[in-house]
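Here is a short report on one protein model.

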Amino acid sequence: MIARQAVYPLTLALVLAACGGASDPAKGAKADAKDAKADAKTEVIDTKRNDATSLDKAVTALDLSGPVPPEASTVFFTVDGALIPIGCYDSAKKKLEGGKDCLALVKAGDDVYLRSNSVEKLDKAGAPKSAMCQPGEDKPTSIGIPSVDSGETFDYAVFPKSMGKLINRADPETYSEKGRVASEDEKKALSELIKPDAELQINQSVTFDLDGDGQVDKLFSVYVVNPKDSEKLSYSGVLMQRGNAPGKWFPLLESRNDTETYTVRAFIDLDGDRSQEVWVNAVLTDGGGGDRIFKLKGDGAEPLAKWSCGI
């Protein structure tokens, strides 16, 4: 046993020497360097790669460069088979307007930014065209655009394209079942203002700094079902509280004994004065609807034009 154990170290040394191992450090280092050099020259080729569908290149964002108000005129559109102008700013007149008064500010071929919940794109303005909710008009007061003509749908559009980055859309959750809530104190204050003849219902609750003072303002869309006629509403309106005057509410718009409920869709500073205009959508119980933009004015607001689509 003793003699056999003495043989093992010698055998191990011979094996290591034959392999260029521990007994020859210089030779081992040279071999490693040679292997590394060979690896560096090896090119791995992916035979399954398709350059046409590769995602290596970053997705290019839309070019929304360009002037904005007050230096530039702007037009805001809703979309219903054509671009319906519901609010605009004329930089030459230094004036906010709405409806057909906005048409002259956009020329055929101008770049227009279009947006839906999941898609945004640029397209060229076309010729005057009647919207789907404006059948039979002798003189169209809306504008055609190729993408909409081909069947694409959008929520809104704006000219110039540079205004696309300045639209502040209301989160759909604000008018979902989860979002349309109010505290008991808020309900009490709203009820004291409108004096409902039945239970006050909350349609939307949205917050945003509308006047640029750094304090968040709050808006509630509310309605009251007429207790004598469930097909009508005894009250419907959008009520606002400024962040610098908590507890003080005033109506942005309101109606009584009608059939329309309101949803705040977005805030847009059309004239560049750092105070946001408010885009409101109205839906009637018969399925009709329309849109309007309101300019805040003190403890109230004034519309830039009539409701679109004739409501």
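## A loop residue, a helix, salt bridges and a pocket

Thr 259 sits in the loop between strand 13 (249–255) and strand 14 (260–268). The model is predicted. Thr 259 is buried, because its relative accessibility is 17% and the cut-off for buried is under 20%. Leaving aside residues up to four places away in sequence, Thr 259 touches Glu 231, Lys 232, Leu 233, Val 283, Leu 284 and Thr 285.

**Helix 4**

Which residues of helix 4 (residues 184–194) are buried? They are Glu 186, Ala 189, Leu 190 and Ile 194. These residues span an arc of only 120 degrees around the axis, so they fall on the same side of helix 4. An α-helix has 3.6 residues a turn, so residues three or four places apart point the same way. The other side of helix 4 carries exposed residues: Glu 184, Asp 185, Lys 188 and Glu 192.

What do the buried residues of helix 4 pack against? Their partners are strand 10 (201–208), strand 11 (217–225), strand 12 (233–241) and strand 13. Just after helix 4 comes Lys 195, with a positive phi of about 50 degrees.

**Salt bridges**

Side chains of opposite charge can pair when their charged atoms come close. The structure holds 14 salt bridges.

| Pair | N to O distance |
|---|---|
| Asp 63 and Lys 161 | 3.3 Å |
| Lys 93 and Glu 97 | 3.8 Å |
| Lys 121 and Glu 152 | 3.1 Å |

Take the pair of Asp 63 and Lys 161, joined by a salt bridge at 3.3 Å. Asp 63 is in the loop between helix 2 (25–41) and strand 1 (74–79), and Lys 161 is in the loop between strand 8 (156–159) and strand 9 (168–169), so this pair ties together parts that are 98 residues apart in sequence. Asp 63 is partly exposed, at 43% relative accessible area. Lys 161 is buried, at 16% relative accessibility.

Lys 93 and Glu 97 also form a salt bridge. Lys 93 is exposed, at 53% relative accessibility. Glu 97 is buried, at 9%.

Lys 121 and Glu 152 make another salt bridge, with their closest N and O atoms 3.1 Å apart. This pair links distant parts of the chain, 31 residues apart. Lys 121 belongs to strand 5 (residues 120–124), while Glu 152 lies in the loop between helix 3 (146–149) and strand 8. Lys 121 is partly exposed, with a relative accessible area of 24%. Glu 152 is partly exposed too, at 32%.

**The largest pocket**

Rolling a probe the size of a water molecule over the atoms shows where empty space is left. How much space lies in the largest pocket? It holds about 370 Å³. The lining of the largest pocket has 16 residues. Closest to the pocket centre are Gly 99, Lys 100, Gln 134, Thr 141 and Trp 307. By class, the lining is made of six nonpolar, six polar and four charged residues.

Technical notes. Residues numbered from 1 in each chain as written. Predicted model: local features only at pLDDT ≥ 70, side-chain atom pairs only at ≥ 80, totals over all residues. Heavy atoms only, no water. Salt bridge = Lys/Arg side-chain N within 4 Å of Asp/Glu carboxyl O. Helix = DSSP H or I, 4+ residues; strand = E, 2+ residues; numbered from the N terminus. Buried < 20%, exposed > 50% of the residue type's maximum accessible area, 1.4 Å probe, protein only. 1 Å grid on protein atoms, 1.4 Å probe; cavity = no way out; pocket = protein on both sides within 12 Å on 5 of 7 lines; lining within 4 Å. Points joined across faces, edges and corners; volume = space filled by probe spheres on them. Nonpolar A, V, L, I, M, F, W, Y, C, P; charged D, E, K, R; others polar. Contact = heavy atoms within 4.5 Å. Arc of directions from axis to C-beta.
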